[in-house]
Amino acid sequence: MSYRIAITDDNPADIMYISSILKQWADARGFSVHIESYPSAEAFLFQYEENPACDMILLDIEMPGMDGVTMAKKLREKNSTAVIVFITGYSDYIAEGYEVAALHYLMKPVEPGRFMQVLDRAVEQLCRAEKLLTVKTAEEIVRIPMGKVLFLEAARNYVTIHTEDRGDFVVRHKLGDFESELDERFLRVGRSYIVNLTRLYRITKSELLFPGGAVLPLPRGAYDMLNRAIIERL
């Protein structure tokens with residue numbers, strides 16, 4: 001397997017250190033990696049306009065000019081599947097990870113073994129993005145990439161599958177019929193919903209927010225359970 005990986009960091013020493021671990025990881029796993037580094041968010045976004053092929057982005061947060069969180073939001077406007085990993089010396093921005101579906105936060109100085117575990121999970125996420133959910137509506141059979149599914153909503157004998165950019169699909173099924181088909185990205189929340197944890201934009205005590213503006217009510221008592229589930233996947 002071959003992966004294109006971008007490192008965006010204003011510290012050249014950190015870029016060299018991260019690159020060296022990436023190469024060790026790739027050699028140990030038998031992967032081929034093409035590593036590109038950028039000293040600022042602006043430099044990355046400029047190059048991304050020319051060549052948007054990128055599988056993973058390893059991103060510092062506090063940089064001169066545009067910060068890493070803002071850069072990640074701009075990236076997500078065009079790419080919903082690239083894996084984002086924040087590598088930072090600050091722990092104050094973890095909540096913003098919901099908004100850009102970050103895979104993980106690594107604190108500097110990065111511990112090589114932990115970093116390689118996160119890279120392994122990044123590869124797993126990239127592979128999962130290709131999994132398809134096959135559903136039969138009243139008019140057609142549709143194959144939906146699981147990474148594009150935001151949430152499933154049950155009402156009476158029907159389930160509506162809400163997607164990021166393919167619209168909604170209504171099928172005559174029970175919500176439980178889908179639980180065995182979906183992978184670990186999905187969690188049942190209450191009686192009426194199954195949500196894609198990686199597509200959550202924001203969580204409050206009463207609501208779940210998704211890209212595109214969709215909002216779900218959060219059942220009473222589900223907030224702590226949902227946060228534990230997200231933390232376990234970080």
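The legends below describe close-up views of one predicted model.

Residues are numbered from 1 along each chain as its sequence is written. In this predicted model, local features need pLDDT of at least 70 and side-chain atom pairs count only at pLDDT 80 or more, while totals for chains, interfaces and linings use all residues, and side-chain values use heavy atoms, with hydrogens and water left out.

**View 1. The largest cavity has a volume of about 140 Å³.** A cavity is a set of points, on a 1 Å grid over the protein atoms alone, where a 1.4 Å probe fits but cannot get out, and its lining residues have an atom within 4 Å of a point. Grid points are joined across faces, edges and corners, and the volume is the space filled by probe spheres set on the points. The whole structure holds two cavities of 30 Å³ or more. Ten residues line the largest cavity, and Ser80, Thr81, Gln125, Arg185 and Thr198 lie nearest its centre. This lining has two nonpolar, five polar and three charged residues (nonpolar: Ala, Val, Leu, Ile, Met, Phe, Trp, Tyr, Cys and Pro; charged: Asp, Glu, Lys and Arg; polar: the others, Gly among them).

View 2. The largest share, three residues, comes from α2. Six of the lining residues are nonpolar, two polar and one charged.

**View 3. Tyr38 and Phe44 form an edge-to-face pair, because their ring planes stand at 85°.** The ring centres are 5.5 Å apart. Rings of Phe, Tyr and Trp (its six-membered ring) pair if their centres lie within 6.5 Å; planes under 30 degrees apart are stacked, over 60 edge-to-face and the rest tilted. Tyr38 is buried at 9% relative accessibility, and Phe44 is buried at 2% (buried: under 20% relative accessible area; exposed: over 50%; partly exposed: in between; 1.4 Å probe, protein chains only).

**View 4. Five strands form an open parallel sheet in the order β2-β1-β3-β4-β5.** Two strands pair if DSSP finds at least two bridges between them. The edge strands, β2 and β5 (104-107), each pair on one side only. Strand β4 (residues 83-88) pairs with β5 over four bridges in the parallel sense. Phe86 has Tyr105 of β5 as its bridge partner.

Definitions and conventions:
1 Å grid on protein atoms, 1.4 Å probe; cavity = no way out; pocket = protein on both sides within 12 Å on 5 of 7 lines; lining within 4 Å. Helix = DSSP H or I, 4+ residues; strand = E, 2+ residues; numbered from the N terminus.
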